[in-house]
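Please read the following walk through one predicted model with the sequence and the coordinates open side by side.

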Amino acid sequence: MSGENQGAHAPVEENIRGPSVIPFGPQHPVLPEPLHFDLILQDEKIVGAVPQIGYIHRGLELLVEKRDFTDYVHVAERICGICSFMHGMGYCEAVEGVLGVEIPDRAKWLRTFWCELERVHSHLLWLGLAADAFGFESLFNAAWRTRELVLDVAEETSGGRVIFGSAIVGGVSRDPSKETLERCMKALKSVRGDVARLSHVMLEDPTVQHRLVGVGTLSKERAYELGAVGPMLRASGYDYDARKRGYAAYGEVEFKSVVETAGDSMARAAVRIREIEQSFAILDQVVAKIPEGPVSIPIKGMPPVGECFARLEQPRGEVVYYVRSNGTRNLERFRVRTPTFANIPAMVEAMRGASLADVPTITLTIDPCISCTER
Amino acid sequence: MSDKEVQEIIEIEPSKLLSEVDQLRSAAWRLVQILCIGQQGGAELSYSFGTDGERGLRMRSLRFTVSEGTNVPSITALYPAAFLYENEIRDLFGVAIERIAGDWMGKVYDVAKDTPFKKVTVSPMSSEGGIK
Amino acid sequence: MARIVFRNLLSGPATRRYPYVVRPAFEGSRGRITIDYPSCIHCGACARRCPAGAIKVTREPGSWSIDAFSCVTCGLCIRVCPKKCLGMGNERPTAVLALDKAGRVESHVSPPKEIASASGASSPKGDADA
């Protein structure tokens, strides 16, 4: 590879040995998905990192030209397992923007419900993986056990544990009744208690603080310049949450974005944990305010020629969907810019100056979802 | 799409790309994405920048079309994070972007076929093959 | 700390002892596709639209089959069937079925149709439309 981003090489000073290069990944016990780094080390300190992606590129964007535009939502959902509902929903929002249709209100609120449920399950998954990254396996298992109850709620309302399968162009395909939704919220009460207990361990335990505080610090200006999104940006003090756009029912629920100022790994952990609590508050509002009515509208005929950008807030950050239609049943272009794609330069910058043992922790603090990145 | 966001798409000349991007950078806009749509004999590029805060939630996309073989300057000198997008576009669509800081030399996805997303003109003879 | 240790000693394992204890599926869970075969007209819409290519339909002789392990239970076939003869159960096929090739593919075959008239001028109904 020629050069690396920013061209930062440590000068070979008194050391007779120059920097050494250590490969990290693509198979590594802490990585949920394959990602490769060439870490350039001076003694134990990282002076540069060259990322390499492309291990699970499936070319899903090209498949949109071969499938009917109403059928493609099932492929879009399977871009990633953790953020699957939002991929399906983002595709539907972009296509509905091209078609110029407005979906029924109940469908908007149900989509919000499933979005927040997905945020809870994704952050709990992240909590487990981040704890595993620095060796805290019992917290990992406790977080994932708590997550099982969330997945049960997802299965009861939508039919699937991680791939919900409920977003379709024109609305949603399932209509859980009010009793089902209220029963699920009651079942999630124990999850809230568990999350409070786990967050106390993650944020207050001195051994965890020793591993997370001061590691991978990113200042507010650098995070913004490098295009970081999501909790990575909000933990450095910049308040940007794509839910403020007001898509689905977010214009009608009240929430404040969660912002921390320290910019290190502990701040990112705190942002995600507080977002779980915030998601529960949003879920309460959704179940209380959801209106009755139809949940989908029929979509027939050819879409008009046009294009649409849609921005959503996935658990990992801001995601941008682009759809262009040429008037036939197959779309011309579909493009997803996932949050991890935008966070990789910020991650590489955060690694500079850290020691080798902190590399897994820093990799996990951006919550990498490489399946999304490479589609 | 919703009322709280303003999205605009502006057509620009390819030669003005760097100056327009520099103006947005001075105004502290954030790079949101770089999009490429393959077309017969070229590609259409859209560079999207976003801002929020006091200016309101806005996204502006700069769009232009290049024909095959035209060089496009890289914006990594202004936005270093653009290297990922530009490498991917060069690999998958074959658009000639030059002087990317952080160049993977065509090995982003390392797929079996070069530039798999590029639209090629299908010649009418190739699908028939032979004399009927 | 001692309280947690004591509690863990007294309670059993936190996991379910699958396959001896099976969690019952929820009412709305997505599971195997079921078909009311006599109503099927073999139009092939479900086979064309299936994103996983799990359904295979032939017009003559009429048959319909689905590979339970290719099926992703998206439910698209149910929505596009013009006769509404497809449905979805709530149990997914189990891992044991993977070894049994005959069990994982559910197929139905229509009995052969008889010639309607002796002159052979008219073809049996159902195959007339191309």
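His36(A) has Gln52(A) as its bridge partner in strand 3 of chain A, where strands are DSSP runs of E with at least two residues, helices are DSSP runs of H or I with at least four residues, and both are numbered from the N terminus. Strand 2 and strand 3 of chain A pair in the antiparallel sense over seven bridges, pairing being counted if DSSP finds at least two bridges between two strands. The model is a predicted one, in which local features need pLDDT of at least 70 and side-chain atom pairs count only at pLDDT 80 or more, while totals for chains, interfaces and linings use all residues. Residues are numbered from 1 along each chain as its sequence is written, and chains are lettered from A and ligands numbered from 1 in the order in which they are written.

These two strands belong to an open sheet of three strands in chain A, with the order 1-2-3 and antiparallel pairing. Strand 1 (20-24) and strand 3 of chain A stand at the edges with a single partner strand each, so that one side of each is left without a neighbour in the sheet.

The domain assignment of chain A gives domain 1 (5-52) and domain 2 (60-374), with bounds that come from an automatic or database domain assignment. The C-alpha centres of the two domains lie 30 Å apart, and 18 residues of domain 1 of chain A are in contact with 20 residues of domain 2 of chain A, a contact being two residues whose C-beta atoms, placed from the backbone, lie within 7 Å. On the domain 1 side, strand 2 (36-42) and strand 3 (45-52) of chain A each supply at least two of the touching residues, and the largest share, six residues, comes from strand 3. By class, this side has 13 nonpolar, two polar and three charged residues; here Ala, Val, Leu, Ile, Met, Phe, Trp, Tyr, Cys and Pro count as nonpolar, Asp, Glu, Lys and Arg as charged, and the others, Gly among them, as polar.

Between chains, the contact of chain A with chain B takes 34 residues from chain A and 30 residues from chain B. Strand 6 (306-314), strand 7 (317-325), strand 8 (333-337) and helix 11 (339-351) of chain A each supply at least two residues of the side that touches chain B, and that side divides into 15 nonpolar, twelve polar and seven charged residues. Chain C, in turn, has ten residues in contact with twelve residues of chain A.
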